[in-house]
Amino acid sequence: MNRSDSMSDYQQKKENAIMAFSQILTTRTPNTAIAIGGKKTSNLFRDRSQGTVQKLNIADFNTVFSIDPINRVAEVGGMTTYEDFVKQTLSHGLMPTVVPELKSITVGGAVTGVGIEATSFRYGFVHETIREMDILCGDGVVRTCSPTNEHSDLFYGFPNSYGTLGYALKLTVPLIPVKKYVRVRHKKFHDSQTFFAAIQDVCNQARKADGIADFIDGVAFDRGVYYLSVASFVDHAPTVSDYTFMNIYYHSILKKIEDYLTAHDYIWRWDTDWFWCSRFFGVEHPIVRRILGRKRLRSTTYWKIRKFATQYGLTALISRINGTRESVIQDVEIPIEHAEEFINFFHNEIGIKPFWMCPTIPAKEKSFTLYTTKPGQLYINFGFWDSVASDKEEGYYNRLIENKVQELHGKKSLYSSSYYPESQFWQLYNKQDYEALKSKYDPQSMFKNLYQKCVKKG
């Protein structure tokens, strides 16, 4: 299919979506919100009832509409998974500037929900790389928005809105060239001060000179056991490691000083074992891995197991047998100057290990309305996905983290459970500007508002 055919296909899908939205509006009962429908996977960790909603199915916006290898840009549907997107771009020797860690994350989801990965030290968050978006708003109108057109307020307000202002139908995404292989170098540090100083140094060097690093991230395995991983594209590899079946990527960090992966396998290095969360399902055991097979070793498998266990009460049963545990699943950004204080707090008060650390430097000169960060400031993303034994009220440990992040002038992503009181939430996520966007682009509140969607239980 050539580009004109692809754009014709998109126009037809857009018209169908507008018509479907219009039909929902005519049959919508009062106080019934509209929510996205047709998704087969999710990367949200909010275990709560949606309440009464009507579903808008936009699943067919799961297409890469065009790739321009000369100008290195793609037009892609908002429901397209990064697995499908990357497969097509790699065939042209290209990849999106920032590819989130898990294959099932959608392009639209990474923008409205704040995506990050090991190229973010250079390119910032996923939403900062986007050049243009077509967004179906709450009034049923599809608007093209960019940093400079008449809908720039929506462009800068869409990230971190989680479908409460509209849904991205098509996005224009820049691409970067790749080489066949990636060389990864792992370096161990015994104290957090030296570790964060090394991150700052390599980020500064890599942004000034090509070839020093294309990817930077790190893992804390325990207090005093910190690994910084610096990776670069290369044309040749003496050997190539495979972490898609019996070998486990995060285990290799502790064993190897240098490693080589194909570009494809490096991009998806974390997906096979959902970082390290496959261990909760016994999947690190060699026999279990062989039974599952290579094709099932992926984040979507573990997500389905988790969903099944929650839906049918197995999670609650395990809690009654083993004792109450609080789920602590969060990603937070902390300014580099406060990273050492945060990691010490985390070791002392939470104790989850391992956890991920990824540097990001916001790339845009203008801050985004609902996820305000300081342009040019180096932040460390701390990602932790586990649970802690608790005899406290629900949300106690999450609230400790939320308050500490605020104290240290950081930001918390909202893809998982949040426990903010409403007044604190709106102080942090810009109530005045959000309500202005809401009244302009969803004047009849067809979608839930941000607090209802991301904090309330039903």
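Does N160 count as buried or exposed, and at what relative accessibility? At 0% relative accessibility, N160 counts as buried, where buried means under 20% relative accessible area, exposed means over 50%, and partly exposed lies in between, with a 1.4 Å probe and protein chains only.

## The model and its overall form

This is a predicted model, in which local features need pLDDT of at least 70 and side-chain atom pairs count only at pLDDT 80 or more, while totals for chains, interfaces and linings use all residues. Residues are numbered from 1 along each chain as its sequence is written, and side-chain values use heavy atoms, with hydrogens and water left out.

The chain has 17 helices and 16 strands; here helices (H or I, at least four residues) and strands (E, at least two) are DSSP runs, numbered from the N terminus. The radius of gyration is 22 Å, close to the 23 Å that the globule rule gives for 458 residues, so the chain is as compact as a globular protein of that length. That radius is taken over C-alpha atoms, and the globule rule is 2.2 Å times the number of residues to the power 0.38. Along the principal axes, the C-alpha atoms fill a box of roughly 60 × 55 × 45 Å, and 56% of the 458 residues count as buried.

## Backbone details in the loops

A cis peptide bond, with omega about -5°, joins K353 and P354, and P354 belongs to the loop between α13 (336-349) and β14 (355-360). D191, in the loop between β9 (181-189) and α7 (192-208), counts as partly exposed at 34% relative accessibility. Although D191 and R223 are 32 residues apart in sequence, they are 7.9 Å apart in space, C-alpha to C-alpha.

## Aromatic rings and charges

A pair of aromatic rings is described by the distance of the centres and the angle of the planes. Rings of Phe, Tyr and Trp (its six-membered ring) pair if their centres lie within 6.5 Å, and planes under 30 degrees apart count as stacked, over 60 as edge-to-face and the rest as tilted. By this rule the count comes to 42 aromatic pairs. One of them, formed by F275 and W385, is tilted, with 4.5 Å from centre to centre and 45° between the planes. This pair links distant parts of the chain, as F275 is in the loop between α9 and α10 (286-292) and W385 is in strand β15 (residues 379-389), 110 residues apart. F275 counts as buried at 6% relative accessibility, and W385 is buried with a relative accessible area of 12%.

The rings of F346 and F355 have their centres 4.9 Å apart and their planes at 65°, so this pair is edge-to-face. F346 is buried, with a relative accessible area of 1%, and F355 counts as buried at 1% relative accessibility. One aromatic cluster includes F346 and F355, with F189, F195 and Y226 also among its members.

A charge sits over a ring if NZ of Lys or CZ of Arg is within 6 Å of the ring centre and within 35 degrees of the ring normal. The charged end of K392 sits over the ring of Y396, 5.3 Å from its centre, and that of K411 sits over the ring of Y371, 5.8 Å from its centre.

## Enclosed space

On a 1 Å grid over the protein atoms alone, a cavity is a set of points where a 1.4 Å probe fits but cannot get out, and lining residues have an atom within 4 Å of a point. Grid points are joined across faces, edges and corners, and a volume is the space filled by probe spheres set on the points. A search of the whole structure finds two cavities of 30 Å³ or more.

The largest cavity has a volume of about 50 Å³, and its lining includes M95, F215, Y266 and R269. The second largest cavity holds about 30 Å³ of space, and among the residues that line it are Y243, R269, W270 and F275.

How values were computed: 1 Å grid on protein atoms, 1.4 Å probe; cavity = no way out; pocket = protein on both sides within 12 Å on 5 of 7 lines; lining within 4 Å.
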